[in-house]
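Reader: I would like to go through this model residue by residue and helix by helix. Where shall we start?

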Amino acid sequence: MSLKGQFVNVSVENLGPCKKLLRVEVSVEKVTKAFDEVTSQFTRQAQLPGFRAGKAPRHLVAKNFESRIQEDTRRRLFEESYREAAQEQKLRILTTLDVEEQSFGRGQPFGYTVTLEHTPEFELPVYKGLSAKREVAAVADADVDRALTTLREQQVKYNEVTRPAQSGDVVVVNYTGTCEGKPLTDFNPTARGLTEKRDTWMLIAEGFFIPGFTEQLVGASSGDRRTVKVTFPEGFVIAELVGKEGVYEVEVTSVREKILPELNEEFAKSLGAPDLEQLRQGVRRDLQNELNFRAKRAVRDQLLRQLLEPLTFDLPESVLATETRNLVYNIVNENQQRGISKELIEEKKNEIFQSAQNSARDRVKAAFVLNRIAEIEKIGVDRQEIAQRITLLAQQNQMAPDKMVKVLQERNAFPEIQQDILTGKVLDWLELNAKVEEVSAAAAPAA
């Protein structure tokens, strides 16, 4: 059944950014034709008592199956008329938000309204032959040495000593903190960990814990008590304490010296390398891969910036809301993994939401532009690529692939994964078709 060009009326009303109200009315003649065709189909298949399949009289079929005939006719009319109305009005529909039926039935026109969101309207700028600079950097011996020190830090031991504490030592302390003679929790209930703690390890180093705190423990021995005074700095996690003086009564219960493992063959073998030289080569290779990755990311950022800066267009609210929710989830999850308390996350929820919303706008805008390029250049994502990404995510999260699939289904994350893969492929295409100049890096990034 075709209804092309048979609408009595199609009109569009703007409701807001990327949101429209579409009004469609199909003529009585075409509604009648649709009813006839659907009734004929039911007649060919219907089984009624006393009649062979497909041999029942048409009027009996219509009577016995009227509700199903109406539903099937309505569905067919809606699907085809909606699709062709969108084509006629050149609408690239993202989401159907609401459908309201105005009229339908035998002998009546089929009228309805649809509230929908559509993709933004914009003209793509020139995207082939964009220019960028790629910094070429090589890993220095000092970078390898720093990376090896980091690996040694992962196997560090802290031996208890009887001498006074020095810079770089760890002290085990009990402390109680006040401000203006009151517990810090009086200023903010989430400051429990800042107010009092027992058997907590502190590294004597600049800026550790509260700036200026641990430096005052240099020279203290096990069993010593000290009064430590600090000024809570600008940007401190508890805003109510910024600029105020904190007074801490500290008891040192232990002094521990930091002992790194020797950088030798035994250490190399503990990390799975045959010998120290091959460990160095492996570290150098990993650092170079990281430098190359950063250079590639910098090129992509340049290309994306050139592509997006000239463009200004409205973004659909539902897509922005979904992306913002996803980013809020990621931010909260990352903070929880870092050990930040639920109370502090709740306190910062407005800042988290604002940050996520700003990032969501950039990401959604980029997605629409890159998707349009993908459409023009026929760049797509197949099932195998999605399966490979799921396997990678499962490995990163130390999870079985089938369990990872369930987690992603619960989060409705498959569209996000597909978009992420597509974005990467389009950026690869842009880089391949760009004019990229290689330049020497002024200094290689720190390892």
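Author: Start with Ser81, which is buried at a relative accessible area of 0%; buried means under 20% relative accessible area, exposed over 50%, and partly exposed in between, with a 1.4 Å probe and protein chains only. This is a predicted model: local features need pLDDT of at least 70, side-chain atom pairs count only at pLDDT 80 or more, and totals for chains, interfaces and linings use all residues. Residues are numbered from 1 along each chain as its sequence is written, and side-chain values use heavy atoms, with hydrogens and water left out.

Reader: In which helix is the place of Ser81?

Author: Helices here are DSSP runs of H or I with at least four residues, strands are runs of E with at least two, and both are numbered from the N terminus. The run that holds Ser81 covers residues 66-88. That run is helix α3.

Reader: Is Lys406 buried or exposed?

Author: Lys406 belongs to helix α12. The relative accessible area of Lys406 is 54%, so it is exposed.

Reader: How are α11 and α12 oriented to each other?

Author: Helix α11 covers residues 383-396 and helix α12 residues 401-410. Their axes come within 9 Å and cross at roughly 100°; axes are lines fitted to C-alpha atoms, for helices over the stretch in contact, and angles run from 0 to 180 degrees between N-to-C directions. Angles under 35 degrees count as roughly parallel, over 145 as roughly antiparallel, 65 to 115 as roughly perpendicular and the rest as oblique. The two helices are therefore roughly perpendicular.

Reader: Which residues in α12 meet α11?

Author: Contact means heavy atoms within 4.5 Å. By class, this contact has seven nonpolar, no polar and no charged residues; Ala, Val, Leu, Ile, Met, Phe, Trp, Tyr, Cys and Pro count as nonpolar, Asp, Glu, Lys and Arg as charged, and the others, Gly among them, as polar. From α11 come Ile390, Leu393 and Ala394, and they meet, in α12, Pro401, Met404, Val405 and Leu408.

Reader: At what angle do α7 and α10 pack?

Author: Helix α7 spans residues 276-308 and helix α10 residues 349-377. Their axes are 11 Å apart, and the angle is about 90°. That makes α7 roughly perpendicular to α10.

Reader: Which residues in α10 meet α7?

Author: The contact has seven nonpolar, no polar and one charged residues. On the α7 side are Leu304, Leu307 and Leu308. Their partners in α10 are Lys365, Ala366, Val369, Leu370 and Ile373.

Reader: What does Gln302 touch, not counting residues up to four places away in sequence?

Author: Gln302 lies in helix α7. It counts as buried because its relative accessibility is 18%. Its contacts are Ala132 and Lys133, with residues up to four places away in sequence not counted.

Reader: Where is Cys18, which has a positive phi although it is not a glycine?

Author: Its phi is about 60°. At 6% relative accessibility, Cys18 counts as buried. Its place is the loop between β1 (7-16) and β2 (19-26).
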